[in-house]
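Thanks for coming, everyone. I'll walk through one structure today, from its surface to its core and its charge pairs. Please have a look at the screen.

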Amino acid sequence: MNYKEFFYFQKSDRSVLVVLLVLAVVVSVLLYGLGSKEETTALETSSLPVHVKEQDSMAIHYVKGNADYKHENDGNKQEYYHVDGNVVERFPFDPNTADSTELLRLGLTTWQVRSIYRYRAKGGIYREPKDFARLYGLTVKQFRELEPYIRISSDYLPASTLFTQEKPKKTRKDSIAKINTVKLKDNERIDLSETDTNTLKKVPGIGSYYAREIVRYGNRLGGYVSVKQLYEIEDLPEEVMRYFELSQIRVRKMNLNKMTLRQMKTHPYLNFYQCKAILDYRRLKGALKSMDELRMMKEFTPHDIERLQPYVEF
């Protein structure tokens, strides 16, 4: 069509033709631009190493470090890129002093090496092999392989270990000999009314625990009135009884008319119900005057009255 014929069209038709022409130009430019970008990307990609899994008869091999690519297809080998790979070694090392070359030879990654350097720069110290297991990214398999080769220098142990001395261990023979030198003989006795824990520990079969229990129970009673009262101490060995005697009785008596419920409950021979019965009697009938009034209470048995009598006053 001659360009002069264009002016014979009506004005509306000419507008439509102009729009179509502009669209055609825009589409052509876009298509040309996309095609150029894909070609550029393909060129850039072809110059970089790419990991590709082996599929069917085709395999691409990559060896780390300036890589070695081999493209195998139906037995035809084509080398794309070739360098020597890194070889993992095993040798003794101290994680506190090993440099980056040694750490990389052990198979650690560059970022793990940087992590070790940062840890040491901040004052971190590996005091034992298990501390190295906290290295980020280290697997159980890797640690088990490296653990036999970790050597921690004694320079990195706490300084306090220089001054720790082991105490000489006492043999059983020495302990028995020492015990026998302080224990009572079979014909010796101690006065139960004048004993302390150190004296009580001289009795064969009595140690620190039973010595404290004997003194504590005597204080709760207000004093012993009979050696047989030691039977009331739970699990006290029966064979220790023959080493005690009571030459004089020293008793601290309690006035049931002046004591509170809490004070009376501390005595081994009074329980809660008996203490409450005494308080009820004092509130209803006045002060107690003798043990006969306790005998009339159902809470007290004749045995209770007998063992309580040496410790009561009115």
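Val16, Leu17, Val19, Leu20 and Leu23 make a nonpolar surface patch of about 440 Å². A patch here takes residues with over 30% relative accessible area and no salt bridge; like charges are joined within 9 Å, and nonpolar side chains (Val, Leu, Ile, Met, Phe, Trp, Tyr) within 5 Å. The areas come from the Shrake-Rupley method with a 1.4 Å probe, and for residues only the protein chains shown count as cover. Leucine 20 belongs to helix H1, residues 11–46. Helices and strands are DSSP runs, numbered from the N terminus: at least four residues of H or I for a helix, at least two of E for a strand.

A word on the source. This is a predicted model, so local features need pLDDT of at least 70 and side-chain atom pairs count only at pLDDT 80 or more, while totals for chains, interfaces and linings use all residues. Residues are numbered from 1 along each chain as its sequence is written, and side-chain values use heavy atoms, with hydrogens and water left out.

Now the rings. How many aromatic pairs does the structure hold? Seven. Rings of Phe, Tyr and Trp (its six-membered ring) pair if their centres lie within 6.5 Å; planes under 30 degrees apart are stacked, over 60 edge-to-face, and the rest tilted. Take phenylalanine 93 and phenylalanine 132. Their ring centres are 5.8 Å apart and their planes are at 70 degrees, so the pair is edge-to-face. This pair links distant parts of the chain, 39 residues apart. Phenylalanine 93 is in the loop between strand S3 (76–81) and helix H2 (100–105), and phenylalanine 132 is in helix H4 (residues 129–132).

The cut-offs: buried is under 20% relative accessible area, exposed is over 50%, and partly exposed is in between (1.4 Å probe, protein chains only).

Next, phenylalanine 272 and tyrosine 273. They also form an edge-to-face pair, 5.5 Å centre to centre with 80 degrees between the planes. Phenylalanine 272 is partly exposed at 36%, and tyrosine 273 is exposed at 61%.

Ring pairs link Phe93, Tyr119, Tyr126 and Phe132.

Two arginines sit over rings. The charged end of arginine 105 is over the ring of phenylalanine 91, 4.4 Å from its centre. Arginine 120 lies over the face of tyrosine 117, at 4.9 Å from the ring centre. The test is NZ of Lys or CZ of Arg within 6 Å of the ring centre and within 35 degrees of the ring normal.

On to the inside. The largest nonpolar core has 39 residues. A core is a set of buried Ala, Val, Leu, Ile, Met, Phe, Trp, Tyr and Cys residues joined through side-chain atoms within 4.5 Å. Which members touch the most other members? Ile214, Leu230, Phe244, Leu256, Leu270 and Leu294. Helices H8 (208–221), H10 (272–285), H11 (291–295) and H12 (302–308) each give two or more residues to this core. H8 gives the most, with five.

Last topic: charge pairs. The count is 10 salt bridges. A salt bridge is a side-chain nitrogen of Lys or Arg within 4 Å of a carboxyl oxygen of Asp or Glu.

Lysine 130 meets glutamate 128 at 3.7 Å, N to O. Lysine 130 is exposed at 54%; glutamate 128 is partly exposed at 35%.

Aspartate 186 meets arginine 242 at 3.8 Å, N to O. Aspartate 186 is in the loop between helix H6 (172–182) and strand S4 (190–191), and arginine 242 in the loop between H8 and strand S5 (244–245), so this bridge ties together parts 56 residues apart in sequence.

Arginine 295 and aspartate 292 pair at 2.6 Å, N to O. They are three residues apart in helix H11, which means about one helical turn between them.

And one network: salt bridges link Lys276, Asp280 and Arg283. Happy to take questions.
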